[in-house]
Every structure is written in C-alpha cells, then in structure tokens.
Amino acid sequence: MNPQVHKTLVMQLQAGATDRFPVLAHLSYDADDPFAVTAVFSHDGHVLAQWRLDREMVLDGLRRPVGMGDVRFRPESTGVWEELRMEFLGDARSDGERHHAVVFAWAPAVEAFLRQTHEVVAPGSERIQVDDFLAEVIAEG
C-alpha cells in the first residue's frame, strides 16, 4: 500500500464579499506525518499559500464549525452544493490587519480524499516517533 495520498481539487477562493474565483488545491497526506494534511493553493502556476492542517479537524469541519485560531472550518450548504468553508488568517499587513483568505471546497471531494488517508492510517491508529519529533522541535528552536 502506498503510504502517501495526493489529490488535486479545484476550489473557490472568495475575493471580496461575494465574488469567487477558481484555485487549485493540491492535497497531500503522508503516513510519516499521520496527523497532518498539507494543502498547497495555486493559481496560474503560482503558489498562493501552503498550510499544514490537522486531519481530524478537516473531517470535523465537514460536520460542524471547528477552529478558533488561524484556521477555521465549517460546513456550508448552498441548497445545491455541500461545501467546506476554510478560513485562513495569516501574517499582519502594514495596515495592522491580518491577511485573510476564505476558500470553499466541494465537501464530497474532501471526504473522498480523507477516506483515502484513512485507508493508509486509520483514525486512532496514528503513531509518531517521539525521538524524531523531539529532534525536529529542538532543531527548529
């Protein structure tokens, strides 16, 4: 079995109050980092942002609002589409506000990706090498 899962989805980046435009989201999962999903957002061949997300939080966000910090998820229904709303807060801007992005994904596509990650590492069976983790934390400090 492949210990990695990759999927590219077209998502909608909200610009302004209502306008949306398509962006590619490259989702990846690696069994070596079993709690995380990486999302790389790009448009016209340029990387807009990269986020490392908690896999369980993404799953929870498909069913209820989650997150209080820089990343927040919640389900949204347009009547026709079931979507996952992802809100990201970034670094401070020169005006004192923070960079802010809202991205919408088709919920069934995100669920399908998560199901594939669960085939690689089932929820609740995630393991992390503590020595490797501590070495990484110390190296970053």
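Contact here means heavy atoms within 4.5 Å. The model is predicted, so local features need pLDDT of at least 70 and side-chain atom pairs count only at pLDDT 80 or more, while totals for chains, interfaces and linings use all residues. Residues are numbered from 1 along each chain as its sequence is written, and side-chain values use heavy atoms, with hydrogens and water left out.

Leaving aside neighbours within four places in sequence, M11 is in contact with F21, P22, V23, A25, L27, F41, M86, V103, F104 and A105. In soluble globular proteins, nonpolar side chains tend to be buried together. A nonpolar core is a set of buried Ala, Val, Leu, Ile, Met, Phe, Trp, Tyr and Cys residues joined through side-chain atoms within 4.5 Å, where buried means under 20% relative accessible area, exposed over 50%, and partly exposed in between (1.4 Å probe, protein chains only). The largest such core holds 29 residues, of which M11, F41, F73, M86 and V110 touch the most other members. At least two core residues come from each of β1 (4-15), β2 (19-30), β3 (36-43), α1 (55-61), β5 (71-77), β6 (82-92), β7 (98-106) and α2 (107-120). Helix α2 gives the most, with 5 residues. These helices (H or I, at least four residues) and strands (E, at least two) are DSSP runs, numbered from the N terminus.

The strands come next. Two strands pair if DSSP finds at least two bridges between them. An open sheet is formed by 7 strands in the order β4-β3-β2-β1-β7-β6-β5, with antiparallel pairing. Because β4 and β5 stand at the edges with a single partner strand each, one side of each is left without a neighbour in the sheet. From one strand to the next, the twist averages 30 degrees; axes are lines fitted to C-alpha atoms, for helices over the stretch in contact, and angles run from 0 to 180 degrees between N-to-C directions. Helix α2 packs on the sheet, touching β1, β2, β3, β6 and β7, and its direction makes about 155 degrees with that of β1.

Individual pairings can be followed along the sheet. β5 and β6 pair in the antiparallel sense over 7 bridges, and E76 has E83 in β6 as its bridge partner. These two strands form a hairpin with 4 residues between them, and G79 in the turn has a positive phi of about 95 degrees. β6 is in turn joined to β7 by 8 antiparallel bridges, with M86 opposite V103 in β7. Their hairpin has 5 residues between the strands, and G96 in the turn has a positive phi of about 95 degrees. Between β1 and β7 there are 3 bridges, also antiparallel, and Q14 stands opposite V102 in β7.

Two further residues make a friendly contrast. Most residues other than glycine have a negative phi, and most peptide bonds are trans. D44, although not a glycine, has a positive phi of about 50 degrees. D44 lies in the loop between β3 and β4 (46-54), and counts as exposed because its relative accessibility is 65%. T117, in helix α2, counts as buried because its relative accessibility is 0%. Beyond its neighbours within four places in sequence, T117 is in contact with V5, Y29 and R55.
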